[in-house]
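User: Hi, I have a structure open and want to understand how it is packed. Can we go through it together?

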Amino acid sequence: MARPRQALLTKERIVEAAAALIDAEGLEACSMRRLATELGVQGPSLYNHFATKAEIVDAVAEAVVAQVDISVFHGNDWREALRLWAKSYHAVLAAHPNIVPVLATGPGRRPAGLAMAEAVYGALIDAGWSRARATHIGALMRYLITGSALGSFALGFDADPELYDHYPHLHRAHELAAHRDAVDEGAFQLGLDLLITSLSDRYDLGVRR
C-alpha cells in the first residue's frame, strides 16, 4: 500500500501555523522546533522557506496587517477615513494581541505595512496637510491604536478591595477588571473621537502645518 502523501509544505502553511501558535501561546512559543512539530515535518524543511524565526514572525505580522481595511481611504473624507481605518486596525489587533509588540515597532520592510502607511499619509497630504504634520498625525494614530492594544488599562488594577483603603479616589478600582471591555474599548473610542475632533478643528481653522 502506498504511503499517504504528506501535505505540501508552503510558506502559507508555515505562516498560518505560526500565527495560530502566536495567537494561542505568544511570541516565545513560536520556535522552529515547535513549528515543525505542529506541521508534522522535520525542522530543517522549514529552512527551505524561511532562514530564521524572525522572518516567520515578520511574515505573520505582514499577514495580520494585510487584514486591515485601507480601502476606506478611497471615497471618504479624510476624517471619516481615519476613523474607519483606526477602528479596523484596532479590531484586527484585538484579535491578534500577541503580535502587537512586533507591529508597534513600525512597518519595517513589510509590503502590507508600507501600503498602509502610504494610504494614511497619502490621504492626509491629499487633504491639504503639510508633509510634516501628516507625519505627526500618522504617528499619533499609531500611538493610539497600537498603544491601546499593547495592554489592558482595566487589568492593571488588582482585584483586592483592601489594597485601595489608602487611596480614596480608587475605592472602586478593584471592579475595573470585571468591566475590561467597556473600560478599554471606551477609552479607545474616546481617544479616537478627541483626536479626530481636535484635528478637524485645526484643519477648519487652516492650521495644517
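Analyst: We will go through the core, a helix pair and an annotated region. Keep in mind that this is a predicted model.

User: Core first. How many residues does the largest nonpolar core have?

Analyst: It has 59 residues. L82 and W85 have the most contacts inside it.

User: Which element gives the largest share?

Analyst: That is α5, with eight residues. Other elements give two or more residues too, among them α1 (11–25), α7 (111–127), α8 and α9.

User: Back to L82. What is it in contact with, leaving aside neighbours within four places in sequence?

Analyst: L82 is in contact with F73, V120, L124, I137, M141 and I196.

User: New topic. At what angle do α8 and α9 pack?

Analyst: Helix α8 covers residues 131–150 and helix α9 covers residues 180–204. They pack at about 170°, with their axes 10 Å apart. Angles over 145 degrees count as roughly antiparallel, so α8 is roughly antiparallel to α9.

User: Which residues make that contact?

Analyst: From α8, they are R133, I137, L140, M141, L144, I145 and S148. From α9, they are F188, G191, L192, L195, L199 and R202.

User: And what classes are they?

Analyst: The contact has nine nonpolar, two polar and two charged residues.

User: Last one. Where is the "DNA-binding region" annotation?

Analyst: The UniProt record, an unreviewed entry, places it at residues 31–50.

User: How much helix and strand is there over residues 31–50?

Analyst: The chain there is 60% helix and 0% strand. The end C-alpha atoms of that stretch are 12 Å apart.

Definitions and conventions
Residues are numbered from 1 along each chain as its sequence is written. This is a predicted model: local features need pLDDT of at least 70, side-chain atom pairs count only at pLDDT 80 or more; totals for chains, interfaces and linings use all residues. Side-chain values use heavy atoms; hydrogens and water are left out. Axes are lines fitted to C-alpha atoms, for helices over the stretch in contact, and angles run from 0 to 180 degrees between N-to-C directions. Helices (H or I, at least four residues) and strands (E, at least two) are DSSP runs, numbered from the N terminus. Angles under 35 degrees count as roughly parallel, over 145 as roughly antiparallel, 65 to 115 as roughly perpendicular and the rest as oblique. Contact means heavy atoms within 4.5 Å. Ala, Val, Leu, Ile, Met, Phe, Trp, Tyr, Cys and Pro count as nonpolar, Asp, Glu, Lys and Arg as charged, and the others, Gly among them, as polar. A nonpolar core is a set of buried Ala, Val, Leu, Ile, Met, Phe, Trp, Tyr and Cys residues joined through side-chain atoms within 4.5 Å. Buried means under 20% relative accessible area, exposed over 50%, partly exposed in between (1.4 Å probe, protein chains only). UniProt positions are given in the numbering used here, feature names are shortened, and annotations may be inferred rather than shown by experiment.
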